[in-house]
Structure formats: C-alpha cells, structure tokens
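Hi everyone, thanks for having me.

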Amino acid sequence: MTCPDETPKWRILHLDDDEPFLSLTEEFLSRGLSKTEILTTTCVEQARAWLNEYQIDCVVSDYEMPEADGLTFLQTVRGHDTDLPFILYTGKGSEEIASRAVNAGVTGYLQKGGAEQHRRLSNRVEHAINEYRSQIESERYSTVLDALGYPVYVVGADGCFEYINQEFVELVGYDRETLIGAEPAIIKSDDSVTRIDDALSRVVSSDSPNSAQVEVRIQPREGRDIPCRDHIAALPFETEYRGCAGILRNISEQRRDKQELVNQNERLEELVSVISHDLKTPLTTADTALSLAEETGEQEFFERANRAHERADAIIEEVLTLTKEGEQLVTTDAVAIETVAEEAWETSSRGNANLCITTNSIIEGDPSRLQRLFENLFANAIEHGTTTTRSEESNETERENIDVNITVGSINSKHTGFYVADNGPGIPTDERDLVFQPGFTTIGDGTGFGLAIVDRIANAHGWKVQVTESETGGARFEFTSVIVIDSENSEESSVSDESA
C-alpha cells in the first residue's frame, strides 16, 4: 500500500486475490497517477472496512475471488456511495461478464493484460475520478444556489427550462417534472415573456451589458399573479446562443428602505453574473480539459481541470462572503482600531511585510467585519507588493515578497476617520473607481472580490471609502464618516513578520 508523507490527491482501493498482480498494478498506477494513495488487499472484508474508514475516490476490483465476485462487491460499494467510480479489472473476460458488468452499473470494464492494459487502466481511473469530482463540484454549486434563498432557473437554447431550484418550485407551485422541458410561458404572462425576450436580445448584443432586470408577473399554478423582478443574463457563448440564467425576486411587499432595495438588486446582478459567467468559465475549462485528457491521456489536461475546479471554489467562497458583508449592521460595539488591526495582522500571510499602527482611536463598528476589512486590505497590499520571476530549472512562475510597509492611522488630527496605506506600486487614477467592483483584478489568479468586500463592509457601517496615493507613492484607502468614540493621544506601535 502506497502511503505518501503528504496528503494524497486521490485514494484508490484495489481488490484482487492475486497478491503479485496487486503489487504490479500498484506500481503502474503509482507511476501514472502522482500523489495517489493506493490501498491494496486480497480480502473483501478488509475492502469493506476501508470503504467506511477512508474517503475513496475509485475502486478497482477483480471479478473472480474466493469470498465474493466483483459484481457482488459492487453492490456493497453502491450501498456506500451510488456514484463512486468502480472499474472491473479481470482476467476472466467474456461477453456475458461484460454485459452483466455494464447492466450492474460499473464505471469501466477492462481485461487484465500487459503494460499497455495497465496504462489503459491508469488513464481510465484518472478520467473516472475527475468525472466523479466534477459531479461533486456541480452538486456543491447547486447547494450554493439553494443557499441564496432565491428562485433560480436556467433556460436552454431551445427556450425550455433546464434547471430550477426548490425555491423556484415553491414560488410557482408546479412540480419539477412539469417544469423541466417546459417553456417559461407556463408560469409567465404573455407580456412578461415578451419583455424577457426583448431584454435578452439586448443582453446578447455585443455593445450591451451582460445582464438585465425585468419586472414580470408570475402565474402560479394556484392563486393570484406574483409580481417579481427577473434578473437575467445570457450564458457565455461564442457563435451560437446557449440560453440564459435568471434569479426571481418577489416584490409583492416592497421594503421600506429604498436604498437597501437598490443594494439588494445590485448584489443579485453580481450573483447572476457569477452564476452565468465566472462559474461557467472554470467549469467549461474543466469539461474541455477532461475531454482532451480522455482522448490523449496526458496529465497536463487533468491538472488543468483541477486548477479550474480550485478557482471555482475560490469564487464561490468570495461570493458568499460578498453577499454576507453587504448586509446592514444590527448591532455595533466600541472597537479599538489598534486591537482589531493587530488581530487581522495575526491571521495574514505576511511574508516580508511590516505593519505600523499610529492610532489608538476607538470607533463604533462591528469587530468581526472590521477585522475582515483590515485582512483584505493587508492581503491586497502584500499581494501587489511582490516581484514575479521565472525559475530557470522548473520554468514555473514564482512570486517573491519584497519589503512591504503598511500603515494604519487616523486621517488627521481631528480623527475624523482612519486610513490604511502601503509603499507598493499604488493604484492608477483611472482604476481607483474600478477596484471596488466585484470581479475586477489585475492579478491573473485573483478572484477580484477582496476590495469589493471592503467596500461592502464600509457601506454597511455608513462609511465612505476613497482610494488615494500614499506618501511613498503606494495605495492609501481612506475611511470617513466614521463615528469616533475616543481619539485621545495616538501612540505608534509596529508589528513585523519577525515579531509577530
């Protein structure tokens, strides 16, 4: 059994009653699949125990064994996880066994052989695991959409519903089976359908925004029409239209606070944009890479698919944070800027950065959100205060932290607010209004949500935030309209990566 020191990327369970063959197959799989832990056993009971003990990504099993045949063990696996990849790798091959295996729901069926068959097994295992992981990711995305609490739908290029969440079902009163494959006219009035079509025509044109808002009337299966605001966006396409995604918001009862309604609509637009584009892009990349990997068996394409999934994870996490930080504050506390800034510094990846705090002001705010604000500003300063080099040996891009100096202080002697400044490259004047927009980034692997979250937190407090230039030519973020409770004698304190 291969047991790498580091956490394995994948874990494969291989069951066969031939110990020499187990060892040989383990060697081939280890060579073809890096960072993979392979659990090998000749005992069915041991295999069952490992299924319960470990997170298994794929099962490879012989067919003919003393304790139970491979298809009997498949039933055990399916009882544990209905989607777990299961590959029957057997020397007892026949059309009858192959037919039974396919009918039983195996992921793959291969006959044992020499080196070429082992390579085919390695490629088949890798492809099966990536498909399995992709399915898990897709289920996670659906969970995220459901967690938003809004009715969500996707209409395909044929004009029929392809996806609806539970909130959508509850809003319209029709069951899912009736809606999937049906046209939107089943739940929207004729004039609403016309307005949606007109809006989509504008959205798909090259010189128009990629999303739109349309007021529609939903006609549920029972009861009166429901006035909703439909936030729609076209799915990404190059030449042929692929459909649209949308989020419905019931506007039967308008909120008293008009500004909060406007902010909510803006957040919904951003969510639609992520659903229809930012998430679609890495998923499309992963799908393409997996197709190429299946054709060629090259490791590069599987790695590209994994990177795409990792980016999708980062986007989901930041989008959920973005929606949370935009909510209005319910309660506030007296917060010492010095204390919360130091706590944020403790959680930051500092590298060669140094922090200097020149204020001991106490302000009114939410401690946890203020700490997130400082964390994001520190991360932004450190991330942009790096130099990029390329290793001659590995030909990979490497980032090297330079000495980044970050200062937190009061804006002036009257302590009307506070600022966070750095000595980095600064932010160009024409980009200062753009940096707070969700998705805007000048770093290739950035999500573009860090400063958008800072802006959300400031707005939730009722503060104004402005980007200027620091004394050293770096970036300076100023926060005004801050309620200062105590601004007595400021004391300068310093924290560096060496003393932290």
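Phenylalanine 418 and phenylalanine 479 are both buried, where buried means under 20% relative accessible area, exposed means over 50%, and partly exposed is in between, with a 1.4 Å probe and protein chains only. For phenylalanine 479 the relative accessibility is 0%.

A word on where this comes from: the model is predicted, so local features need pLDDT of at least 70 and side-chain atom pairs count only at pLDDT 80 or more, while totals for chains, interfaces and linings use all residues. Residues are numbered from 1 along each chain as its sequence is written, and side-chain values use heavy atoms, leaving out hydrogens and water.

Now, how are the rings of phenylalanine 418 and phenylalanine 479 arranged as an aromatic pair? They are stacked, at 4.8 Å centre to centre with 15 degrees between the planes. Rings of Phe, Tyr and Trp (its six-membered ring) pair if their centres lie within 6.5 Å; planes under 30 degrees apart count as stacked, over 60 as edge-to-face and the rest as tilted. Phenylalanine 418 lies in strand 17 and phenylalanine 479 in strand 19, so this pair ties together parts that are 61 residues apart in sequence.

Phenylalanine 479 also pairs with tryptophan 463, edge-to-face this time, at 6.4 Å centre to centre and 75 degrees between the planes. Tryptophan 463 sits in the loop between helix 14 (450-461) and strand 18 (464-469), so its pair with phenylalanine 479 in strand 19 ties together parts that are 16 residues apart in sequence. Tryptophan 463 is buried too, with a relative accessible area of 4%. Ring pairs link Trp345, Phe374, Phe378, Phe418, Trp463 and Phe479 into a cluster. Across the whole structure, the search finds 12 aromatic pairs.

Let's turn to the strands. Helices (H or I, at least four residues) and strands (E, at least two) are DSSP runs, numbered from the N terminus. Why is strand 17 described as largely enclosed by the rest of the structure? Because 5 of the 5 residues of strand 17, residues 418-422, are buried. In a regular strand, side chains alternate between the two faces of the sheet. In strand 17 both faces are covered: Phe418, Val420 and Asp422 on one side, and Tyr419 and Ala421 on the other, are all buried.

Who are the neighbours? Two strands pair if DSSP finds at least two bridges between them. Strand 17 pairs with strand 16 (residues 404-410) in the antiparallel sense over 5 bridges; there, isoleucine 406 stands opposite aspartate 422, and serine 410 stands opposite phenylalanine 418. Strand 17 also pairs with strand 19 (residues 475-480), antiparallel over 4 bridges, with valine 420 opposite phenylalanine 477.

Strand 16 has another partner: strand 12 (residues 353-357) pairs with strand 16 in the parallel sense over 5 bridges. Isoleucine 357 has valine 408 of strand 16 as its bridge partner.

What sits over the ring of tyrosine 419? The charged end of arginine 476 does, 3.9 Å from the ring centre. The cut-offs here are NZ of Lys or CZ of Arg within 6 Å of the ring centre and within 35 degrees of the ring normal. Elsewhere, lysine 112 lies over the face of phenylalanine 21, at 4.3 Å from the ring centre.
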